[in-house]
Each structure stands twice: as structure tokens, then as C-alpha cells.
Amino acid sequence: MTFATFLIQLLNSVQYGLLLFMLAAGLTLIFGIMGVVNLAHGSFYMLGAYLAWWLASLVGNLAIAIAVGALVAVAFGLLLERLLFRHFYHRDHLDQVLMTFGLIYIFEEMRSILWGDDVHGVPVPALLADSIALSDAQSYPVYRLFMSAVCIALATGLYLLISRTRLGMKIRAGAFNRDMAEALGVNIRRIHAVVFALGVGLATIAGMIAAPISSVYPNMGSQVLILSFVVVVIGGIGSVRGALISALLVGLVDTFGKVLLPAVSGMLVYMLMAAVLLWKPEGLFKQ
Amino acid sequence: MSAAKSHLEVLPPSVQVVLALGLVALAAFPFVSTDFYASMVARMMILAIFAMSLDLLQGVTGLVSLGHAAFFGLSGYALAFMTPASGPASLWWALPGAVAASGLAALLIGFFVVRTHGIYFIMVTMAFAQMVFYLFFDNKALGGSDGLYIDFRPDAKLFDLEDRRVFYYFTLAVLVAVYAFLRRLLWSPFGRVLAGIRVNEHRMRAMGYGTFGYKLSAFTLAGALAGLAGFLWAVQTGYMNPELMGFHLSAHAIMMVILGGMGNFAGAIVGAFAFEWVLHEFKDLPAIGGFNTGKHWQLWMGLFIVAVVILAPRGLLGMVASLFSRKESGRG
């Protein structure tokens with residue numbers, strides 16, 4: 001492997017890991033704070049990708065599409081939390097699993113009815129369509145760097161939100177001791193709604209920024225969903241920091257596995273998970 | 001985790017009557033129906049065996065597995081590999097071999113997953129099933145994404161599984177045998193320990209039970225029985241593909257168990273039949289105007305699942321039981 005190839009794979013793995021983090025962060029927060037396992041989280045990624053394709057073809061500008069799409073996603077998340085998820089925080093996991101599995105079907109058909117079952121490509125914005133030459137024959141697309149940058153910016157924003165703001169303090173208090181936080185005057189229902197909408201927003205944005213490189217296709221959510229689960233399990237449920245580190249690890253293993261051990265590459269990530277489970281059954285950063 | 005949910009372990013007489021009538025109906029069915037519906041019912045019976053195997057984990061032990069289809073698929077693949085290119089394999093070798101393959105895989109995977117709890121267990125079982133999925137999906141030697149064909153149904157010597165009706169009754173016999181076995185198991189000391197683990201695992205540990213071993217045994221047994229169902233599926237369809245190990249089938253099985261009512265195996269059977277029937281009806285829906293409602297069966301199925309979770313968490317058997325008896329047999 002030449003240095004240029006190595007660099008490309010390294011950048012790809014970081015980019016993929018960061019993208020997984022966008023989903024895993026929402027999953028781990030929604031579970032850590034509300035105790036809900038959400039199988040439909042991958043559907044938000046899928047809906048995001050279709051939304052980006054549809055809005056971009058309407059307005060002809062991906063940036064505007066993403067901005068509008070993110071607002072739509074947050075509103076959708078708030079609505080969904082209010083109508084459905086709120087009533088499942090205290091139900092057992094079995095009910096949550098089934099309810100959110102039912103949602104996967106509903107969201108897939110919503111997509112099918114609204115936008116059809118075709119595979120679509122989303123053009124990379126002209127501003128980011130360049131690539132940077134790494135050697136005579138190899139180059140790295142600027143858009144992928146842009147994706148990583150967006151993810152890093154959002155991850156930093158999430159970190160600052162949770163650790164440095166008053167809202168973040170309330171979120172942490174609610175996760176630590178719900179009843180006590182409520183007794184001290186925190187409106188825990190509103191915190192839950194905010195966290196849920198935040199998770200939906202992150203997953204949708206991930207789908208939207210991934211649309212130009214992954215193309216847009218039905219059921220594209222299920223694979224990222226399962227990988228996000230692996231990320232959450234390795235990182236430890238409820239830990240955003242754990243999700244970040246484990247997402248990067250999963251990205252690294254998956255990307256280099258495809259290059260170095262193509263025959264078993266699909267399984268490598270799961271073997272990593274098995275190894276972590278043997279060592280630390282509750283994940284690396286269980287809180 | 002699911003301890004609060006009521007479990008109809010003792011079947012009330014009303015339910016037993018319904019089950020007995022159901023068995024008579026199943027035995028008579030091939031004589032009064034077309035081949036199409038007979039093989040559909042045979043498929044329902046196979047899925048009922050699969051649902052019962054999951055109920056041992058989900059309803060009895062309180063372990064919600066979202067990867068149970070992996071063991072269903074593995075034994076079908078095992079049959080494909082055991083069937084020579086030139087002719088059928090012997091049923092008396094292929095059946096135990098395929099079931100053992102699933103059981104062994106369940107033992108191996110169980111060793112990792114059983115040490116996790118609650119939500120982790122759900123995610124990890126799903127992830128391991130996905131790993132098995134990729135093992136077959138990525139390797140051309142294992143059939144790849146196209147899957148494998150099983151050209152010959154296993155040869156049983158005493159009877160001919162190629163005959164649809166013989167296969168139907170063979171499946172019915174397996175269904176009854178698995179049900180009888182699991183009902184017996186439920187009331188054995190082993191079954192009581194599993195039920196104890198569902199209600200309060202810490203207390204069982206404090207009483208000196210090695211719950212890891214019990215849970216691993218349950219997981220292995222459930223995997224082997226899922227393999228039995230998968231074997232029958234492979235014999236019936238003659239075709240295996242990786243999708244059969246995906247998480248949709250696993251989730252459908254969870255739904256079957258919930259729909260019927262969990263923890264007593266009878267509910268799993270009722271749920272499997274009801275679920276498959278509903279699925280069939282949804283796929284058969286006519287087009288209304290320009291809108292093909294049958295093509296969008298997933299929408300109705302999704303709404304149906306959400307509605308069942310909200311409206312009938314005790315399942316159909318629970319409804320039958322409370323319909324016939326005035327006194328509530330448990331809290332809902």
C-alpha cells in the first residue's frame with residue numbers, strides 16, 4: 001500500500017466514522033436519557049437522503065436543501081415525539097422494538113408513496129466538486145473533506161451544548177436522575193422532546209450530506225442502523241464520547257478491512273464488537 | 001425487563017378448547033383446500049415452530065432476541081451443503097445435522113450475547129445475526145447474495161417428502177412434537193428456573209442458580225429449534241438466501257409471539273398463523289383508483305404492528321382468555 005492509498009483510506013475511514021457518529025450520538029442520547037431503543041433511527045437517515053435529493057432538485061442548491069431539510073427534520077422529530085415516542089418511555093423494550101420496527105415499514109412506504117422506489121444521484125455542489133491531487137494518479141475529493149468538516153463542527157457543537165450550556169446541564173441532570181431534576185424545576189418533558197428532535201436532526205443531516213457520495217436508494221437506512229447499534233454497543237450506551245471514539249474505530253476497521261481482508265470485511269466490525277463484549281460487556285465508556 | 005407483562009402460563013380451558021379445535025382443523029385442512037392454501041398453511045406451521053423457539057427466549061426467559069432468524073437460516077444452508085449434487089440427502093442424517101449446526105452456532109453466539117442485558121442484548125443479537133448475514137452474503141462459496149438452491153428434498157425412506165400432503169403432515173407432526181416438548185419443558189425444573197430469570201435474575205443468582213449457564217442453554221435450545229423450522233422451510237421452498245437471516249424476519253417472529261401472547265408457546269402458534277394471514281391479506285389488497293394498496297403492504301403492516309403494540313399488548317390468547325372468563329387472570 002502506497003502512502004497516498006493509505007492516506008485516502010485513512011481519510012475515508014475518518015469520514016465514515018464521523019458519519020456513523022452522527023447517527024450513533026442520537027441513538028445513544030435517546031437511549032441514555034429516555035430509555036428508548038429506536039430501530040427507526042436509520043429511517044431518518046434514509047428520509048434525509050431523499051429529502052436532500054428532492055429539495056436539491058427543487059431549489060437547485062444543496063446547501064439550501066440541507067438547511068431547509070434540517071428544519072423539517074427537527075419539526076418532524078418534535079411531532080413524532082409528541083404523538084408517539086412520549087408514550088413509550090415507560091413501556092418495556094419489547095414494545096419499543098416492535099413499535100419502532102413498525103415505523104421502519106411506515107417510513108419506507110411514506111418514502112415510496114412520496115418519492116417512488118428509484119435510485120437517485122445527487123450532484124456534488126460545484127464549489128466542492130474539486131479533488132486534491134495526492135500523487136500522479138490518485139486524488140481525494142474535496143466533498144468528502146467537507147463532509148468530515150460538517151460532522152466535526154456538529155460534534156463540537158453537540159459537545160459544547162451538552163457540557164457548556166444551561167440546556168446541556170438540564171439534559172445531563174435529567175439523564176442522571178430524572179425525578180430529582182424534575183423536583184428541582186426542570187421541565188423534563190421539554191428536555192426529552194429537545195433531545196429526541198436533536199437525534200432526529202443529526203441522523204437526517206447525516207443522510208442529507210451523505211446523499212451526493214452514497215446515492216439515494218430505498219432501505220438505505222437499515223445498514224447504517226445496524227452499524228450504529230454496533231457503535232453504541234462498543235462505546236457504551238449513553239456515552240456520547242464513547243460513541244465518537246467507537247464510531248472512528250468502526251470506520252477504521254470497516255474501511256481498512258475492505259482493502260486488506262475483502263473476503264471477511266463485512267464481518268470484521270462485528271468481530272470487533274464481540275471482542276469488546278468479552279472484555280467489557282457494557283462497552284468501553286459505560287456511564 | 002418484561003416481568004410486568006402478564007404471562008398466561010397455565011392455559012385456561014377456553015384456550016385449550018380453541019387449540020384442540022385448531023389441531024383438528026389443521027389435520028383436516030389438506031382434504032378441503034387447494035394445494036396453494038395447503039402449502040401456505042404448511043409455511044404458517046413452519047413459522048409457528050420458529051415463533052415457539054423464540055418464545056422460549058422472549059416469553060419464558062425474558063430475553064428479547066432481534067437476531068433469531070440467523071439460526072433459522074443457518075440450518076437451511078446446512079441442508080443445502082449436505083445435499084449432494086446428484087441426489088437427495090437422507091432425512092435421518094440431514095435433519096439432525098442441520099439442527100445441530102444451528103444449535104452449535106447458537107451456543108457460540110450465545111456465549112457472547114448472554115452476558116449482556118436488556119437493551120444490549122437486543123442490539124447485540126441483531127448485530128451477530130448481521131454478521132452471519134454478511135458471512136453468507138459476501139462469500140460466493142456460500143452462495144453469496146443470490147443464495148443456494150436445494151435441488152432434492154431429503155429422502156426419508158419410510159415416506160416421501162416430495163409429496164405435498166406427506167410434507168404437510170410431517171410438518172404438522174413436528175409442530176405438535178415441538179409444542180408438547182416445550183410445554184413439558186416449561187413446567188420442568190429447568191423451565192421454572194428460566195421463568196425465574198425473567199421475573200428476577202438477581203434473586204435467582206442469590207439463590208445459587210448459575211444463570212449464565214441456564215440462559216446459554218435456553219439460547220442454544222432456542223437456536224436449535226429455530227434451525228428445525230429453518231430446515232423445514234428449506235425443504236419446502238428448495239431455496240435459501242441471506243435475506244432469510246436478516247432482521248426483518250427476526251422482528252416478524254417477535255411480532256408473532258407478541259400478537260399471540262407470549263410465554264406459553266400456544267400464543268406463538270396462534271400469533272404466527274394470525275401474522276402470516278394478515279400479511280397475506282395486506283399483500284392481496286386491491287388497487288383503489290390509481291393507488292395500488294397491495295403494493296404498499298408495508299404501510300399497513302407497519303400501522304398494524306404499531307396498533308397491536310398500543311392496543312393489545314397481551315396478545316390474541318389473552319383476549320380469548322379474558323373474553324371467556326369473568327375474572328382477570330393477570331394484570332395487563
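A salt bridge, for this talk, is a side-chain nitrogen of Lys or Arg within 4 Å of a carboxyl oxygen of Asp or Glu. By that rule there is one salt bridge across the interface of chain B and chain A. It joins the side chains of D117(A) and K295(B), at 3.7 Å from N to O.

Some ground rules. This is a predicted model, where local features need pLDDT of at least 70 and side-chain atom pairs count only at pLDDT 80 or more, while totals for chains, interfaces and linings use all residues. Residues are numbered from 1 along each chain as its sequence is written, chains are lettered from A in the order in which they are written, and side-chain values use heavy atoms, with hydrogens and water left out.

Back to the interface. How many residues of chain B are in contact with chain A? There are 47, and they touch 48 residues of chain A; contact means heavy atoms within 4.5 Å. The area buried between the two chains is about 4300 Å², with 79% of that from carbon and sulfur atoms. Buried area here is the accessible area, with a 1.4 Å probe, that two parts lose on being put together, summed over both. On the chain B side, I119(B), Y120(B) and M123(B) lose the most area to chain A, together 16% of what that side buries.

Now helix packing. Helices are DSSP runs of H or I, at least four residues, numbered from the N terminus. Axes are lines fitted to C-alpha atoms over the stretch in contact, and angles run from 0 to 180 degrees between N-to-C directions. Angles under 35 degrees count as roughly parallel, over 145 as roughly antiparallel, 65 to 115 as roughly perpendicular, and the rest as oblique.

In chain A, the axes of helix 10, residues 240-260, and helix 11, residues 265-279, come within 8 Å and cross at roughly 150°. Helix 10 of chain A is therefore roughly antiparallel to helix 11 of chain A. Among the residues meeting there are L249(A), V253(A) and D254(A) from helix 10 and L268(A) and L272(A) from helix 11.

V240(A) also belongs to helix 10 of chain A. Beyond its neighbours within four places in sequence, V240(A) is in contact with F21(A), T28(A), L29(A), L158(A) and I162(A). V240(A) and F196(A) are 44 residues apart in sequence and 14 Å apart in space, C-alpha to C-alpha.

Helix 1 of chain A, residues 3-34, packs with helix 9 of chain A, residues 220-235, at about 75°, with axes 9 Å apart. So helix 1 of chain A is roughly perpendicular to helix 9 of chain A. The contact includes Y16(A), L20(A) and T28(A) of helix 1 and V224(A), F229(A) and V232(A) of helix 9.

Last, chain B. Helix 1 of chain B, residues 13-32, and helix 12 of chain B, residues 315-324, pack at about 125°, their axes 8 Å apart. That makes helix 1 of chain B oblique to helix 12 of chain B. S14(B), V15(B) and V18(B) of helix 1 make the contact with L317(B), V320(B), A321(B) and F324(B) of helix 12.

Notes: Helices (H or I, at least four residues) and strands (E, at least two) are DSSP runs, numbered from the N terminus.
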